[in-house]
Amino acid sequence: MRPLQPELERRRAAHLYRHRRVLGNAQGPLLQVDGEALLSFCSNDYLGLANHPEVVRAMQRGAERYGAGSGSAHLVAGHSAAHHALEEELAAFTGRPRALLYSTGYMANQGVITALLGRGDSVYQDRLNHASLIDGGLLSRAELKRYPHNDLAALAGRMACQSGGDALVAVDGVFSMDGDLAPLPELAELCREQEAWLLVDDAHGLGVLGRDGRGSVDHFGLDDQAVPILMGTLGKAFGTFGAFVAGSEALIETLIQQSRSYIYTTALPPAVAEATRASLRLVQEEGGRREQLRQLIGRFREGAAQLGLDLMPSETAIQPILAGSAEHALGWSRALQAQGMLVTAIRPPTVPQGSARLRVTLSASHSTDQLDRLLEALGRLDREERA
């Protein structure tokens, strides 16, 4: 048995050691972090629904009716009326015949890919895909073929060399660490030509992009024929927890029969499903939240450009500022915390070597005054570095 401590020390020396923070209050712009009051710019609660009174009350009512837990897997005795209603509402929201709830987005991506592919098949993935997509490809035992970020020519070349079996292209709709969008129309056309499935993980697009927040697929005007497999998470713009896959009747029935991460895990609590039903209504009814977010994104990018910050080409709520080394990114994060700001440093292996960064994430719950405080703090940080 090898000793574990040396590897931990190596990570610490390389500025790659990770620490958990303990929060003392509900999600929102102002957090109690390890007992310290900080203004947070690192949550994925893009619409500010995680602590919305209507969502909280819906969870409370759900707990009163269904209890705290689901008791078992969906296929045993854990599939409640709340789960069923949420699936139907998510299907209608995404414009697909059916939707299927999963306990996490990680399990959803793994469950889809491993249910559809096996030995002799091929799965094609963007190099910046989320780890859950990559791991799903590895677990499927299909041949995993990765292509450079958003490089359609490279993907087409790899797909043209496939000798047999089924093919699936898996991609993030909005890339979680860069904030840019996948070229979904071109990917859909390529998959149509090659008779391949297209799986879009829209964890960071749903609720934020498209008509009434219907996501990156809707943003590009694509339907369920162009994108037959849609995965979405509920713990980001929807403010709750869990995930779902939406698609055809045959797809969902196949997943119910063959998706191990659906079959062999406990269903998420029905109270969470009830909370999500409330947040889904708010996503559709309160378009002002998306407008507020769009205005904040524009204000941040304009202010950051005036400061000369090295922003990445993102028009979404994810606004990375490149630092380069892990040590540099950590230094920035600590300096901002000293000014009362919580902005997480993202380091390898989450991002490629040499591209460590601050991942600024904006929320509709931020005020313009709070955003200006962040820009002022970033400006002081920049002036100190230049001095």
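Tutor: Let's start with a pair of helices: α7 (residues 152-160) packs with α8 (residues 184-194) at an angle of about 15°, their axes lying 11 Å apart. This is a predicted model, where local features need pLDDT of at least 70, side-chain atom pairs count only at pLDDT 80 or more, and totals for chains, interfaces and linings use all residues. Residues are numbered from 1 along each chain as its sequence is written, and side-chain values use heavy atoms, with hydrogens and water left out.

Student: Why are α7 and α8 called roughly parallel?

Tutor: Angles run from 0 to 180 degrees between N-to-C directions, along lines fitted to C-alpha atoms over the stretch in contact. Angles under 35 degrees count as roughly parallel, over 145 as roughly antiparallel, 65 to 115 as roughly perpendicular and the rest as oblique. The angle here is about 15°, so α7 and α8 are roughly parallel to each other.

Student: Which residues of α7 and α8 meet?

Tutor: L152, L155, A156 and M159 in α7 meet E186, L187, L190 and Q194 in α8, where contact means heavy atoms within 4.5 Å. These residues divide into 6 nonpolar, 1 polar and 1 charged. Ala, Val, Leu, Ile, Met, Phe, Trp, Tyr, Cys and Pro count as nonpolar, Asp, Glu, Lys and Arg as charged, and the others, Gly among them, as polar.

Student: What makes α2 and α12 roughly antiparallel?

Tutor: Helix α2 (residues 53-66) and helix α12 (residues 270-285) pack at about 150°, with axes 7 Å apart. That angle is over 145, and therefore α2 and α12 are roughly antiparallel. Their contact includes A58 and G62 of α2 and A275 and A278 of α12. It divides into 11 nonpolar, 2 polar and 2 charged residues.

Student: Why is G105 called buried?

Tutor: Buried means under 20% relative accessible area, exposed over 50%, and partly exposed in between (1.4 Å probe, protein chains only). G105 has 12%, so G105 is buried. This residue sits in helix α5 (residues 105-116) and touches S132, M231, T233 and A243, leaving aside residues up to four places away in sequence. Across the protein, buried residues make up 53% of the 387 residues.

Student: How do you know that the radius of gyration agrees with a compact globule?

Tutor: The radius of gyration is taken over C-alpha atoms, and the globule rule is 2.2 Å times the number of residues to the power 0.38. For 387 residues a compact globule would be near 21 Å, and the protein has 21 Å, so the two agree.

How values were computed:
Helices (H or I, at least four residues) and strands (E, at least two) are DSSP runs, numbered from the N terminus.
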